[in-house]
Each structure stands twice: as structure tokens, then as C-alpha cells.
Amino acid sequence: MQDQRKAELILGLRNQGIRDMKVLEAMERVPRDLFVAEPFQNRAWADTALPIACGQTISQPYVVAAMTQALDLNDRCKVLEIGTGSGYQTAVLAQLCRRVYTIERYRSLLREAEARFAALKLTNVTSMVGDGSKGWPMQAPFDRIIVTAAAPELPQALIAQLAVGGVMVAPVDVAQGDQEIKRITRSDSGVRVESLMRVRFVPLVEGLPRDA
Ligand code: SAH
């Protein structure tokens, strides 16, 4: 049953324009059911976002695929991810790059995600609890940066941690309740910003929760 749902999801992603075979293969390899709580198991391979703990969400597979494809990863890339959440996007990234540094502001979410990385034997993920809006200065610069929570405007502190030649994808508020995935490409001469698609993410929140 899961295999059939998985095949349907991957086919659906192809039909929606995800053509990067490496991205499709990575999403076929990462067991999404491992990242989804028991009550939602029957929808683990559906193309929808689902609730996770702490009032957060695991992103819709199509959005994960589109953002990952837009990053144009290769196996030399050092990647920063803001908003680990369930760890699903992290696990997809880990298939496609050298190392992923991921930051989550809820300690409990991060602990659960880390247990999944261990179960999947992902050895190229480094994670920490923190306010990801400040990035990870000790590890900067990064070849790629992905933000999976929506910022009110382009996150300048993160752009500053992007290597020359680097790419960042991030959802940014455009109007009330509406967000757009922006792709920011850094070159010698400055940064270029493109708008990719309309999305709906949980907000990027500064600081840590009181119990983190
Ligand atoms: N990529 C995740 C999506 C999780 S939702 C997945 O596939 O499951 C976005 C996550 O960003 C939430 O877990 C939220 O707690 C986290 N977040 C929001 N603001 C943050 C911040 N400033 N620093 C780190 N994480 C943040």
C-alpha cells in the first residue's frame, strides 16, 4: 500500500514539473512515514502538509521538491537549513549534498528529528537548537541556504552567510497571509532575487520558546 502511494506521489511530482531525477530519487528514498505522527500515517505519502508537534507542520512534498530542485545541489555543497521541524526536508537535503547544518527553535522537535537522522544513519547532518534567523556564523559561508519558515522580509543576516556563487531559497511574506518562495543568488556583483511560487508556511519566529 505504502509502495503504491509512494509511486503515485513521485509520479505526481513529475507531472507537476519536478524534473530533477536526483530530487525525485531522494524523495523516493526518504521514508516520509517515519516523519509523520501515528494519526496521520494514512496520509504520510499524500501531497499535503501535515501537523507535527509544537503547532508546526511538515511541508507538502511538492513544496519540498520544488525548493530542493531550486537549490540546484551537488555533492560538494555545504547547506544551512533554518526550521528543522520533523527533519523531513533535512533528510532529503542530506541525500544530495556534502553536509547539512540545521537549526530548530523547539528543542523537543529537534530531539525527535535527531532520532530519525540516527535511525536513517544520516551521518552528514549537524543540528542545533537556536534562533535560525541569525544563521550559523561559526560555520558560514554556506553554498546553499534553505529557510522553511516564512520571514516578513528577505532575511539579510542569512544572505550575508551565503558564499559567492551560493543560492538561497526562502518563503517571504508578500501580502496578508500570502508568501512567495524567493530564490536569492549571490555573485561577485551582488544578489539577484527571483520569485518562484506562492506558498503558505508557518512564520519564522525570532528568539527561543520559553521551554526550549
Ligand atoms: N522543514 C520542516 C518544516 C517545519 S515547519 C519539515 O519538513 O518538517 C518550520 C519550522 O521552523 C518549525 O519547526 C519552527 O519551529 C521552525 N522555526 C521557526 N522560526 C525559527 C527560527 N527563528 N529558528 C529556527 N527554527 C525556526
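Let's start in helix H5, where Glu112 and Arg116 sit four residues apart and are therefore separated by about one helical turn. The model you are looking at is predicted, and in it these two side chains form a salt bridge, with their closest N and O atoms 3.4 Å apart.

Glu114 forms a salt bridge with Arg111, and here the closest N and O atoms are 2.8 Å apart. These residues are three positions apart in helix H5, which spans residues 107-119, so about one helical turn separates them. Glu114 counts as partly exposed at 24% relative accessibility, and Arg111 is also partly exposed, with a value of 41%. As a general point, side chains of opposite charge can pair when their charged atoms come close.

Follow the chain out of H5 and you reach Lys121, in the loop between H5 and E5. This residue is worth a look at the backbone: Lys121 has a positive phi of about 55° although it is not a glycine. Lys121 is exposed, at 69% relative accessibility.

How many salt bridges does a search of the whole structure find? The search finds nine. One of these joins Lys134 to Asp131, with the closest N and O atoms 3.0 Å apart. Lys134 counts as exposed at 52% relative accessibility, while Asp131 counts as buried at 13%. Elsewhere, salt bridges that share partners link Asp178, Glu180, Lys182, Arg198 and Arg200 into one network.

You will find Glu180 in strand E8, which covers residues 178-187. Is this residue buried or exposed? Glu180 is buried, with a relative accessible area of 14%, a value that falls under the 20% cut-off for that class. Leaving aside residues up to four places away in sequence, Glu180 touches Ala170, Pro171, Val172, Val174, Ser195, Met197, Arg198 and Val199. With Ser195 there is also a polar contact between the two side chains, at 2.9 Å.

Now for two further backbone details. Ala140 and Pro141 are joined by a cis peptide bond, with omega at about 0°. Pro141 is found in the loop that runs between strand E5 (125-129) and strand E6 (142-147). The other detail is at Asp72, which has a positive phi of about 55° although it is not a glycine. Asp72 is placed in the loop between helix H3 (61-71) and strand E3 (78-82).

Rolling a probe the size of a water molecule over the atoms shows where empty space is left. The structure holds one cavity of 30 Å³ or more, and the largest cavity has a volume of about 60 Å³. Which residues line the largest cavity? They are Asp20, Lys22, Val23, Thr68, Gln69, Asp72, Leu73 and Leu96. Helix H2 (21-29) and H3 each supply at least two residues of this lining. By class, the lining of the largest cavity has three nonpolar, two polar and three charged residues.

Turn next to the pockets. The largest pocket has a volume of about 370 Å³. Its lining is made up of 30 residues, and Gly83, Glu104, Thr148, Ala149 and Val202 lie nearest the centre. Strand E2 (57-58), helix H4 (88-94) and strand E4 (99-104) each supply at least two residues of the lining of the largest pocket. The lining of the largest pocket divides into 14 nonpolar, 13 polar and three charged residues.

The second largest pocket has a volume of about 190 Å³. Ser133, Ala151, Pro152, Glu153, Leu154, Pro155, Gln156, Ala157, Leu204 and Glu206 line the second largest pocket. This lining divides into six nonpolar, two polar and two charged residues.

Terms used
Residues are numbered from 1 along each chain as its sequence is written. This is a predicted model: local features need pLDDT of at least 70, side-chain atom pairs count only at pLDDT 80 or more; totals for chains, interfaces and linings use all residues. Side-chain values use heavy atoms; hydrogens and water are left out. On a 1 Å grid over the protein atoms alone, a cavity is a set of points where a 1.4 Å probe fits but cannot get out, and a pocket is an open set with protein on both sides within 12 Å along at least five of seven lines; lining residues have an atom within 4 Å of a point. Grid points are joined across faces, edges and corners, and a volume is the space filled by probe spheres set on the points. Ala, Val, Leu, Ile, Met, Phe, Trp, Tyr, Cys and Pro count as nonpolar, Asp, Glu, Lys and Arg as charged, and the others, Gly among them, as polar. Buried means under 20% relative accessible area, exposed over 50%, partly exposed in between (1.4 Å probe, protein chains only). A polar contact is a pair of N or O atoms within 3.5 Å; within protein, one must be able to donate a hydrogen and the other to accept it, and residues adjacent in sequence count only if both atoms are side-chain atoms. Contact means heavy atoms within 4.5 Å. A salt bridge is a side-chain nitrogen of Lys or Arg within 4 Å of a carboxyl oxygen of Asp or Glu.
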